[in-house]
Amino acid sequence: MIESGHKPALNAGQIWNMSFGFLGIQIGFELQNGNVSRIFQTLGADVGELAILWIAAPMTGLIVQPIIGHLSDKTWGPLGRRRPYFLVGAILASLALFVMPNAPALWVAAGMLWVMDASLNITMEPFRAFVGDNLPDRQRTMGYAMQSFFIGTGAVIAGALPWVMTNWLGLANTAPEGMIPETVQWAFYIGGAALLAAVCWTVFTTKEYSPEELARFEAARGAGRSAVHHAVQRSAAQFARGGVVWVIAGAILAALVAFARSEPRPAFLGTIEVAKDIYVLAALVAGFGVIQLVASVLRGQGRESSGFMEVVSDLFAMPRTMRQLAVVQFFSWFGMFALWIYGTPGVTEYHFGAADAASAAYQDGADWWSLMGSVRNGLAAAAALGFVLIAARIDRCRLHAINLLLGAAGFAAVLLVREPALLWVPQIGIGIAWASIVSMPYAILAGCVPQEKMGIYMGVFNIFIVVPQLLASTLLGFLLINLFGGGAIYAMAIAAASFVLAAVATLFVADGDAAGAPALQAEAA
């Protein structure tokens, strides 16, 4: 098969091994997503401060993933192309998981979130490209669905850990004010060990193709497809014009925020509260302009060889399918980030009547919501197995749209279900949608980008996961205060609306692999 120039299919065991590391990665992410707001509140953070404290996570991904994608595309050594990043990231993430629950102060916990997320991103980003590297087009949906299965399974384990330690092992889930409960500490310790072990399994049981082999596969693949992506270079003048527009837009937004927060308060605002968090959004807008201005200068000087220019150029030269998927990702991840930030404070207040993070009722509610996360992710793992079975028999875009609508229904149900014992019901829809979010877009994307840029495009694609999270960090608090009186649970209503928009956007995505079906059938034959 290799001699023919076509990438050979892998067996089920090989796909299992190459995806197994995601089990550990997701244990780390789920411990972070399910417990960081709890840790922040325990250390004295107000609910209104949670979104801005969480901004470290998406900011880290925005910076780290494109860089790691670029570097891993250029790497080749004894451990291969992607695996060195798996291993280094896993070691750093495991250390961060050991330190996080022992943070003595809020600022230390916020800093550790930054370190933890950076390390997890170093590990995760190359895993996405790993599937694109090792699997032929016809097996990629199966490969990403297998990753989704391990994502769900890892999240089940991580979500259940605090509840299991409280109810089965008898560890204390409360602690003196300002102290992290023992159950959370041990959950992080176990998670750190599991993360490192799972990633090491993939590192030492999976091989990678050399750059020469990948180039040969890509040549054969490109010869059988009707359309090949050719990057159109953005000129220095275009970068300059775009940069000026974005910098001015950021400055105007910052000026509007300053005016809205000035004393005396502008009368036309009425009861609308404009949080200082919006300054962060203004800085992000202006920062994107500055990036373009720098690119304009470098392009004008002919300095094209830097990783910075490669990332920025590829961002503006994305294939059409990737641009369409970016819209889907934006609305999908905005909704998911609303769940991660406000799920715990929303459920503890709305369903358990507890707003004090030091109270037993709050900790019971937080444990129960963590357990519901396990239910949600167990359903996601089961759904992912279903995706594996139907991967070659269904239109991926329509399937993804249906799954997102089920997720929207699940978010709405969190508001409608008042009995805590019934909170498992909304997890059905959210779990199916989550399994789809972490598999279907990547399977579609892998078929429309050049093999030699698989890592960097997976990193660039992450921007459309990070940007909505940054917007959520800066806007969700504003929306909740002004539309819902500060009730954290109503973030679920915002998430439901966001998922509906993502589902609609999915219907406009052109699946590149679907268009190349005849070539793929020929390869399979």
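This is a predicted model: local features need pLDDT of at least 70, side-chain atom pairs count only at pLDDT 80 or more; totals for chains, interfaces and linings use all residues.
Local features are taken at pLDDT of at least 70 and side-chain atom pairs at pLDDT 80 or more, while totals for chains, interfaces and linings use all residues. Residues are numbered from 1 along each chain as its sequence is written, and side-chain values use heavy atoms, with hydrogens and water left out.

The protein chain has 22 helices and 0 strands; here helices are DSSP runs of H or I of at least four residues, strands are E runs of at least two, and both are numbered from the N terminus. Of its 525 residues, 58% count as buried (buried is under 20% relative accessible area, exposed over 50%, partly exposed in between, with a 1.4 Å probe and protein chains only). Among contacts (heavy atoms within 4.5 Å) between residues at least 6 apart in sequence, 82% join residues at least 24 apart.

Helix 7 covers residues 140–167, and its end C-alpha atoms are 40 Å apart, which agrees with the 40 Å that 28 residues should span at 1.5 Å a residue (the expected span is 1.5 Å times one less than the number of residues). Most of helix 7 is covered, with 20 of its 28 residues buried.

On to the rings: the structure holds 25 aromatic pairs (rings of Phe, Tyr and Trp, the last by its six-membered ring, with centres within 6.5 Å; planes under 30 degrees apart are stacked, over 60 edge-to-face, the rest tilted). Trp 16 and Phe 150 have ring centres 4.8 Å apart and planes at 75°, so they pair edge-to-face. Because Trp 16 lies in helix 1 (residues 12–19) and Phe 150 in helix 7, this pair ties together parts 134 residues apart in sequence. Trp 16 is partly exposed at 37% relative accessible area, whereas Phe 150 is buried at 3%.

Phe 337 is buried at 1%, and Trp 340 counts as buried at 10%.

Charges sit over rings too (NZ of Lys or CZ of Arg within 6 Å of the ring centre and within 35 degrees of the ring normal). Arg 128 lies over the face of Tyr 442, 3.9 Å from the ring centre, and the charged end of Arg 376 sits over Trp 369, 5.7 Å from its ring centre.
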